Amino acid sequence: MELGLTTFAELYPAGDRPAPSAAERLREVVEEAVATEQAGLAVYGVGEHHRKDFAASSPAVVLAAIAARTEKIQLTSAVTVLSSDDPVRVYQDFATLDGLSNGRAELMAGRGSFTESFPLFGYDLSDYDELFEEKLALLLHIREDEPVTWNGKFRAPLHNATVYPRTDNRPLPVWIAVGGSPESVVRAGLLGLPLAIAIIGGQPARFKPLVDLYHRALTEGGHEKQPVAVHAHGYIADTEEAAVADFYEPYARAMSVIGRERGWGPMTRAQFDGLRSKEGSLFVGNPDYVAEKIADIRDTLGLDRFMLHTSVGTLPHEKVLHNIELLGAKVAPQVG
C-alpha cells in the first residue's frame, strides 16, 4: 500500500504562536514535501481552498515548486475544486505539472466541501451538482488523445479543439475525491476512475459499504479494478503522550473554527479521545499505534493508498518534519 501526506497549507495560530504568513507556510509546505520523498513515501497532496486560513489556492503552482525539488514522489491535488474551475485550464495546469515532474502528476477532482470558490468565480451554489457533472465530463473528454467538440451550459463551446500541452506516454491520472456520498461513489465506479475517500469523523469501518458499492459500480461499468485511497487526519510522535500534547490544541482550535461555520459545537477533549480510539477516524499516537490503525483500515476497506493529513491545525514545522520521518521509517515498514 502507498503511504503519503496531504496538506491545505493551514494558517491557524497555536498556543502563543501567531499564524504564519501565507508565504512562510507555502515555503514550509515545499520543505515538508521534500522530506516526504526523503522518507521514502509515495505521494504528496495539496488541497485547494480560497480562504484566509488556507494558503494553497493554486495546488498546481505549489506542486510545481515541489516538482523542482523532488524526483520520485507522486504529486496530486487533494482536491481540485473542479465545479468552480475551467476544465480546460485545469487540464493545462496538470499536464504542465506532469511534464515538469517527468510524469508524476495526478489530479483529484472533487465538488469541494467549502463554498468560497463559487461566488469568487461567478457560479451559483444552486448548480452545485450539475456544475461538477458537466465539468468532469469535459475534463475526461479533454484528456482523450483527440480533438474536442463540446457544448455545455457553463462555459463557451469547443469546436474541434485540442488542449495543449499533452501528457507524455499516458493519460493524465484523474481520481474522484468524495466525502461519503453514495452518488459520487457510483459515479466514480461507472466512469472507471480511482476513488479517494476523505474520512474525518466517525468510524472508518462504516465506509465499507461505500467501497463495496464502488466495486459493484466498476463491474457494472465494465471496468477493471481501480485504486482506492483514504485521506484522514493524524499525527505521529515518539510517544502517545507527546502526540496528544502536540496535536490536540491545534487540532481542536481548527476544527472548532470550522465547526462554528457549520453549526457544530466546539471540539472537546472527550470527542478527540473518542476519535483517536482504535475504532475512530483520527490517527494520532506513537508509530506502532498509528501503524496498527492504518493496517486495520487497509484490511477493512481494501486500500491501495493512505494519505495522512497532519496540518489540520498549524503545528510547528519541525514537529511536522519529525512526524514525516516517523511515518516513513517506523510506520511504513509495518503497513507497506
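A crossing of two helices is called left-handed if the near helix is turned anticlockwise from the far one by less than a right angle, and right-handed if clockwise. The structure examined here is a predicted model, in which local features need pLDDT of at least 70 and side-chain atom pairs count only at pLDDT 80 or more, while totals for chains, interfaces and linings use all residues. Residues are numbered from 1 along each chain as its sequence is written, and side-chain values use heavy atoms, with hydrogens and water left out.

Helices (H or I, at least four residues) and strands (E, at least two) are DSSP runs, numbered from the N terminus. H1 passes H11 in a right-handed crossing. Two packed helices are described by the angle between their axes and the distance between the axes. For H1 and helix H11 (residues 317–335), the angle is about 20 degrees and the axes are 9 Å apart. Here axes are lines fitted to C-alpha atoms, for helices over the stretch in contact, and angles run from 0 to 180 degrees between N-to-C directions. Angles under 35 degrees count as roughly parallel, over 145 as roughly antiparallel, 65 to 115 as roughly perpendicular and the rest as oblique; H1 and H11 are therefore roughly parallel to each other. On the H1 side, the contact (heavy atoms within 4.5 Å) is made by Glu28, Glu31, Glu32, Ala35 and Thr36, and on the H11 side by His317, Val320, Leu321 and Ile324.

Arginine 305 belongs to strand S12 (residues 305–309). With a relative accessible area of 2%, arginine 305 is buried; buried means under 20% relative accessible area, exposed over 50%, and partly exposed in between (1.4 Å probe, protein chains only). Apart from residues up to four places away in sequence, arginine 305 touches several residues, among them Met1, Val43, Trp175 and Val230.

Two residues other than glycine have a positive phi. One of them, alanine 9, has phi near 55 degrees and sits in the loop between strand S1 (2–7) and helix H1 (22–38). Alanine 9 is buried, at 1% relative accessibility. For asparagine 160, phi is near 50 degrees; this residue is part of strand S7 and is exposed, with a relative accessible area of 57%.

Cis peptide bonds were also found. One joins alanine 78 and valine 79, with omega about 15 degrees, and valine 79 lies in the loop between strand S3 (74–77) and strand S4 (80–81). The bond from tyrosine 164 to proline 165 is also cis, with omega near 0 degrees.
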